[in-house]
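Biologist: I'm new to this one. Can you put it on screen and walk me through it?

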Amino acid sequence: MARQGHLWNDGSLWRWRAPPADLMPVTVEALIERALREVSGTEALRDTLGAHAPLPHTADQTLLAAVVNLSPEALAGAQEELERQAVLLRGQLTHPLYSEVALKGLDPERTAGMARRAIAALEHVPQEMAALIDEARLDPPAAAALLIRAAKGAGNAAQHARLLGRAAQYASGAQQLHLMVQAVQGLRDGGAALGRAGLPAGPPAG
């Protein structure tokens with residue numbers, strides 16, 4: 001709203017000028033969508049913004065360049081422009097909602113392509129790779145296999161069980177049943193372990 005001239009600080013107080021009724025977006029997401037649309041005038045900017053949205057905050061320039069399919073120089077130029085427009089701050093999106101809105105604004109096929117390239121680049125980091133499976137729109141057997149692999153490297157029993165549960169959604173037949181049973185047993189055993197430690201296994205009743 002400050003960028004559009006409706007909100008400003010005179011040095012001591014915040015001031016507000018109501019925008020015309022027909023120009024006021026009805027949600028915060030609509031405001032962000034408009035702002036992102038205004039700063040994404042080129043394919044390089046759109047793709048750079050789209051690559052930042054699903055990737056973990058730890059993503060380095062090499063991973064981003066591979067995902068967005070740009071040269072390191074072109075990526076740096078696009079990031080510099082997005083920082084100038086206050087969409088990025090120190091290499092990260094300035095707010096989680098920017099990530100959510102940016103993903104919705106991308107063409108599904110373009111999003112899937114970037115997610116697949118990210119998965120290939122994150123092959124050695126199964127937990128981060130697993131977060132991109134849905135966006136990648138992989139064949140169900142391939143998605144199930146990647147999630148099972150990610151579960152093997154899970155940091156705890158609950159995470160392991162949740163990843164197996166996700167894998168079951170992509171599996172079928174006997175494999176699906178086996179994964180579902182493993183996931184339920186993992187969650188049950190994890191809850192029992194918390195109980196033995198004197199910690200709540202779930203949200204308080206009521």
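Biologist: At what angle do helix 2 and helix 3 pack?

Modeller: At about 125°, with their axes 9 Å apart. Helix 3 covers residues 61-68. Axes here are lines fitted to C-alpha atoms, for helices over the stretch in contact, and angles run from 0 to 180 degrees between N-to-C directions. That makes helix 2 oblique to helix 3. Under 35 degrees counts as roughly parallel, over 145 as roughly antiparallel, 65 to 115 as roughly perpendicular, and the rest as oblique.

Biologist: Before we go on, what kind of model is this?

Modeller: This is a predicted model: local features need pLDDT of at least 70, side-chain atom pairs count only at pLDDT 80 or more, and totals for chains, interfaces and linings use all residues. Residues are numbered from 1 along each chain as its sequence is written, and side-chain values use heavy atoms, leaving out hydrogens and water.

Biologist: Back to that pair. Which residues of helix 2 and helix 3 make the contact?

Modeller: Helix 2 brings Asp47, Thr48, Ala51 and His52. Helix 3 brings Leu64, Val67 and Val68. Contact means heavy atoms within 4.5 Å. By class, this contact has 4 nonpolar, 2 polar and 1 charged residues. Ala, Val, Leu, Ile, Met, Phe, Trp, Tyr, Cys and Pro count as nonpolar; Asp, Glu, Lys and Arg as charged; the others, Gly among them, as polar.

Biologist: How does helix 2 cross helix 4?

Modeller: Helix 2 (residues 43-52) and helix 4 (residues 72-84) cross at roughly 80°, and their axes come within 9 Å. The two helices are therefore roughly perpendicular to each other. Helix 2 uses Ala44, Leu45, Thr48, Leu49 and His52. Helix 4 answers with Leu75, Ala78, Gln79, Glu81 and Leu82. That contact holds 6 nonpolar, 3 polar and 1 charged residues.

Biologist: Let's zoom out. How many helices and strands are there?

Modeller: The protein has 11 helices and 4 strands. Those are DSSP runs, numbered from the N terminus: helices are H or I with at least four residues, strands are E with at least two.

Biologist: And what share of the protein is buried?

Modeller: Buried residues make up 33% of the 206 residues. Buried means under 20% relative accessible area, exposed over 50%, partly exposed in between (1.4 Å probe, protein chains only).

Biologist: Give me one residue. Is His6 buried or exposed?

Modeller: His6 is buried, with a relative accessible area of 12%. His6 lies in the segment before strand 1 (7-9). Beyond its neighbours within four places in sequence, His6 contacts Met1, Arg15, Trp16, Arg17, Ala18, Pro19 and Pro20.

Biologist: What about Ala120, buried or exposed?

Modeller: Ala120 counts as exposed, at 52% relative accessibility. Ala120 sits in helix 6 (residues 108-121). Ala120 and Leu63 are 57 residues apart in sequence, and 9.9 Å apart in space, C-alpha to C-alpha.
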